[in-house]
Amino acid sequence: MLEVRNLHASVNGNEILHGINLKVNAGEIHAIMGPNGSGKSTFAGVLAGRDAYEVTEGQVLYQGKDLLDMQPEERAREGVFLAFQYPVEIPGVTNTYFLKAGLNAIRKHRGLELLDAVDFLALVKDKMKLVEMDQSLLNRPVNEGFSGGEKKRNEIFQMAVLEPKLSILDETDSGLDIDALRIVADGVNKLRSKENATIIVTHYQRLLNYIVPDFVHVLVDGKIVKSGGKELALLLEERGYDWVREETEAVA
Amino acid sequence: MKETKSIEWYKSRFDLFEKSLNGESKSELHALRKQAMQKFAGMGFPSSHDEEWRFTNVLPIAKMEFTPVFEYSGKGLRQADIDKFTFGGLHCTRLVFINGHLADEFSTHDPQPGVTIAGLRSAINSHSELVNRHLAKYVKIGENAFTALSTAFIHDGAFVHVAKNTEITNPIHLLFIVTGDQKVAVSPRNLIVAEPGSKASIVESYVSLASAPYLTNAVTEFVVDENATIEHDKLQDESLDSYHIGTIHFQQSRNSNVVSNAINLGAAIARNNITAVLNGEGIESTLNGLSLATGTQHVDNHTAIDHAKPHCASHELYKSILDGKSKGVFNGKIFVRKDAQKTDAKQTNKTLLLSDEATVNTKPQLEIFADDVKCTHGATVGHLDEEQKFYLRSRGVGEEEANDLLTFAFASDVINRVHIDALREQLDMMIHARLQRGRMLER
């Protein structure tokens, strides 16, 4: 589904990613772990099409197409979804309006009929249960006045409504208490299928107790330095990131 | 430098006006007009050296030599022409003014005990005591050249009187239409008196069927007595080659409540002077404004809130969306007099610039003479938020739609404050259409 080849990216002329290689197949969950400043969020941002990042080298193929050539909205319409680390507040635009605009743009792109208000509401109510979200949040402006947990739940709720093929969860666990974490993780697990894939970007192993990854990759200084199964995450939790760095340096 | 040619022009129009008045020229009202004409002749139109007009050049208005209209004519107008401006048939009492004169044939009356809704011209006779007591007592004749000129040519306008403890059930819509192919000057003069404990919603709209440039120079005075409640919504949607000067004054007494929502869409140059005098304790005053401008439009909002007595609150939210090469001006004065302890005043001014060539001058002006008060003000000027745009796009919304959505959200913040549901919905649709049309024209 996704193939990242030797990806280099910079912010304001400073190279952050120094050649990332990653292959994600349908049905898989990949965790990308790393210390602060290792380039995790940059990687997630590059995949979603954030224009602060400049790709200087490499290639990203998504379902055989050049992902980097697409505008952010085209990526979304093709099924890429980014759950934001810091979900954005949009005063004056209700959550419902926001989601309906997105969903219908995606449906139009896929040649599906646009949903009217009634059908949309039925769909939305169904998906809200998934993340135990309060219905009153629907008619509130997007993320405005939401608690940290509500914002993150709102991200997963959007994911449920938009039904992406590739979801990238950027530090979705940060700032969540244990109940909220469980709810968010449950939502992700329920949405998991053979047809879609998920990339979880995180600093901590905590979320991976609830969402079990097939692969764990360690990102240090803009490069994936180690890959393994779910047990690698536990090792990182136990021993921190320094031993991976040391191991890498020793090899070099 | 005083521009004398325009003074001569309006003096000569005034002489003609006097001749047309016959017996009325000895009245109290006419003495007022004469006094106003003298003031105007002494002042002339303001120049940019005048601090109050520093960013708004009215020379195009001075040069144009507009002709005041002395008589009503509804010639060639059909009900269908009027219906375009009735907010989708808003359920209300409606007074329609054509070139500043009341058009009985197009107006609707919904008689209610305790409520008088009439043309000012007839009220001068039927309610002379009330009119003489209040007319031109709040907006000073010599406030500026435009109020002087408007007062000199007072002819007609709306007169609304709401008796003590009377609540007007339907809104009152004052619809001002300019029509024809002549460069006319219209000076509607409105007087609204809300007696103690009364409640009313007044909607003013200024629109055009005209094919020539014109000047609207309107003055509206509100007397809001003790415990009275007024909602005032104003839509300025004049033609794009015309000029609009609108002066609104709220004279508020103890425990009264005023909400004013002023929407500006039209005119080549629009200048609004909105003043609230809080002359009693426990008063609440809310002034909101939304201006949309594009092309070479110029829109200037001057507000003044005068806290004269203690324990009053004022809230102010003025927003502008400027596209093309348009210019915006905001000046917000808040006076807190020595007696006005425990004043709570909040002013917010936000401008959204949709192009690199649009400009804005914004100036909060707080003069505080009391020591136990809460006064805050804030002004922001900026473009659409990139992070919000990216968020929308990352959910599949196209770039242009994202821009429209965010721009509209910025505007609806003000529109949502209009309490009359049917009016708010109509304004919502208008703003939406206007923003989309603006985009197609500009890009």
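In this predicted model, the buried residues of α6(A) are A:Ala180, A:Leu181, A:Ile183, A:Val184, A:Ala185, A:Gly187, A:Val188 and A:Leu191. Their cover includes α4 (117–130), α5 (148–162) and β9 (166–170) of chain A. Helix α6 itself, residues 178–191 of chain A, has 14 residues and spans 20 Å from first to last C-alpha, close to the 20 Å expected at 1.5 Å a residue.

Two of the computed atom distances are listed here.

| Pair | Kind | Distance |
|---|---|---|
| B:Arg395 and A:Glu155 | salt bridge, closest N and O atoms | 2.7 Å |

The second topic is the interface. Chain A and chain B bury about 1,900 Å² between them, and 63% of that area is on carbon and sulfur atoms. In chain A, the residues that lose the most area to chain B are A:Glu73, A:Val88 and A:Phe98, together 25% of what that side buries. The contact involves 31 residues of chain A and 17 residues of chain B.

Three salt bridges are found across the interface of chain A and chain B, along with 12 residue pairs in polar contact. On the side of chain A that touches chain B, at least two residues each come from α2 (72–77), β6 (80–83), β7 (90–94), α3 (95–109) and α5 of chain A. The largest share, six residues, comes from α3(A). By class, this side of chain A has 20 nonpolar, six polar and five charged residues.

Methods: Residues numbered from 1 in each chain as written. Chains lettered and ligands numbered in written order. Predicted model: local features only at pLDDT ≥ 70, side-chain atom pairs only at ≥ 80, totals over all residues. Heavy atoms only, no water. Helix = DSSP H or I, 4+ residues; strand = E, 2+ residues; numbered from the N terminus. Expected span 1.5 Å × (residues − 1). Buried < 20%, exposed > 50% of the residue type's maximum accessible area, 1.4 Å probe, protein only. Contact = heavy atoms within 4.5 Å. Buried area = accessible area lost by both parts, 1.4 Å probe. Salt bridge = Lys/Arg side-chain N within 4 Å of Asp/Glu carboxyl O. Polar contact = N/O pair within 3.5 Å; in protein donor to acceptor, adjacent residues only side chain to side chain. Nonpolar A, V, L, I, M, F, W, Y, C, P; charged D, E, K, R; others polar.
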